[in-house]
Amino acid sequence: IQGEPIQLMSIHSSKGLEFDYVILLGAEEEILPHKKSFLQEHFEEERRLFYVASTRAKKTLFMTQCLEKFFQGKKIYPIRTRFLKNLDQYFSAHKYSLFSSKEEQANTTQNYLQDLINSI
């Protein structure tokens with residue numbers, strides 16, 4: 001939005017805050033969840049962080065993923081975060097890939113997030 005300041009912060013520091021628009025960069029494996037989160041308790045914390053990030057937006061949430069990037073001199077092709085795969089499965093299972101209204105989208109998203117909370 002023109003004229004409004006942009007705030008750059010970690011997911012941790014966004015807890016308890018809300019913004020009209022949120023852009024989550026790096027929604028890909030080895031970033032979210034982090035590649036060092038191979039232990040179950042760390043993985044569950046990553047899932048909670050994804051929940052926090054995805055609920056900070058009041059109006060619109062954007063998530064990005066690189067199609068390709070260079071890492072340590074090699075071209076790599078990142079994989080979407082498994083959390084987005086879970087989201088895809090949820091919407092497919094509930095036949096909400098297209099929404100007839102903002103309310104329907106909001107309700108479906110809220111149901112998904114509640115299911116995510118319940119699985120933690």
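Thr81 touches Ala27, Glu28, Glu29, Leu32 and Pro33, leaving aside residues up to four places away in sequence; a contact here means heavy atoms within 4.5 Å. Thr81 sits in the loop between β4 (74-76) and α3, where helices (H or I, at least four residues) and strands (E, at least two) are DSSP runs, numbered from the N terminus. Thr81 is buried, with a relative accessible area of 0%. Buried means under 20% relative accessible area, exposed means over 50%, and partly exposed covers what lies in between, using a 1.4 Å probe and protein chains only.

A quick word on what you're looking at. This is a predicted model, in which local features need pLDDT of at least 70 and side-chain atom pairs count only at pLDDT 80 or more, while totals for chains, interfaces and linings use all residues. Residues are numbered from 1 along each chain as its sequence is written, and side-chain values use heavy atoms, with hydrogens and water left out.

**The whole chain**

The protein chain has 4 helices and 4 strands, and along the sequence they follow the pattern α-β-α-β-β-β-α-α. Of its 120 residues, 28% are buried. If you take contacts between residues at least 6 apart in sequence, 64% of them join residues at least 24 apart. The accessible surface comes to about 8800 Å², and carbon and sulfur atoms own 55% of that; such areas come from the Shrake-Rupley method with a 1.4 Å probe, and for residues only the protein chains shown count as cover.

The peptide bond from Leu32 to Pro33 is cis, with omega near 10 degrees, and Pro33 has its place in the loop between β1 and α2.

Gly26 is found in the loop between β1 and α2 as well. Gly26 touches Ile31, Leu32 and Thr64, with residues up to four places away in sequence left out. Another C-alpha pair to look at is Phe50 and Thr81: they are 31 residues apart along the chain and separated by 9.8 Å. Phe50 lies in helix α2.

Glu30 is one more residue in the loop between β1 and α2. Glu30 has a positive phi of about 75 degrees although it is not a glycine. Gln72, in the loop between β3 (69-71) and β4, has a positive phi of about 50 degrees and is not a glycine either.

Here is how some of these residues score for burial:

| Residue | Relative accessible area | Class |
|---|---|---|
| Gly26 | 13% | buried |
| Phe50 | 1% | buried |
| Glu30 | 53% | exposed |
| Gln72 | 72% | exposed |

**The core**

Which residues touch the most other members of the largest nonpolar core? Of its 13 residues, the answer is Ile11, Leu24, Leu32, Phe50 and Phe83. A nonpolar core is a set of buried Ala, Val, Leu, Ile, Met, Phe, Trp, Tyr and Cys residues joined through side-chain atoms within 4.5 Å. Helices α2, α3 (82-93) and α4 (102-119) each supply at least two residues of this core. The largest share, 5 residues, comes from α2.

**The pocket**

Rolling a probe the size of a water molecule over the atoms shows where empty space is left. The largest pocket has a volume of about 850 Å³. On a 1 Å grid over the protein atoms alone, a pocket is an open set of points where a 1.4 Å probe fits, with protein on both sides within 12 Å along at least five of seven lines, and lining residues have an atom within 4 Å of a point. The volume is the space filled by probe spheres set on the points.

Of the 25 lining residues, Ile6, Gln7, Tyr21, Val22 and Ile23 are the closest to the centre of the pocket. The elements giving two or more residues to the lining are α1 (11-14), β1 (19-24) and α2 (40-54), and β1 has the largest share with 6 residues. By class, the lining has 16 nonpolar, 5 polar and 4 charged residues. For that count, Ala, Val, Leu, Ile, Met, Phe, Trp, Tyr, Cys and Pro are nonpolar, Asp, Glu, Lys and Arg are charged, and the others, Gly among them, are polar.
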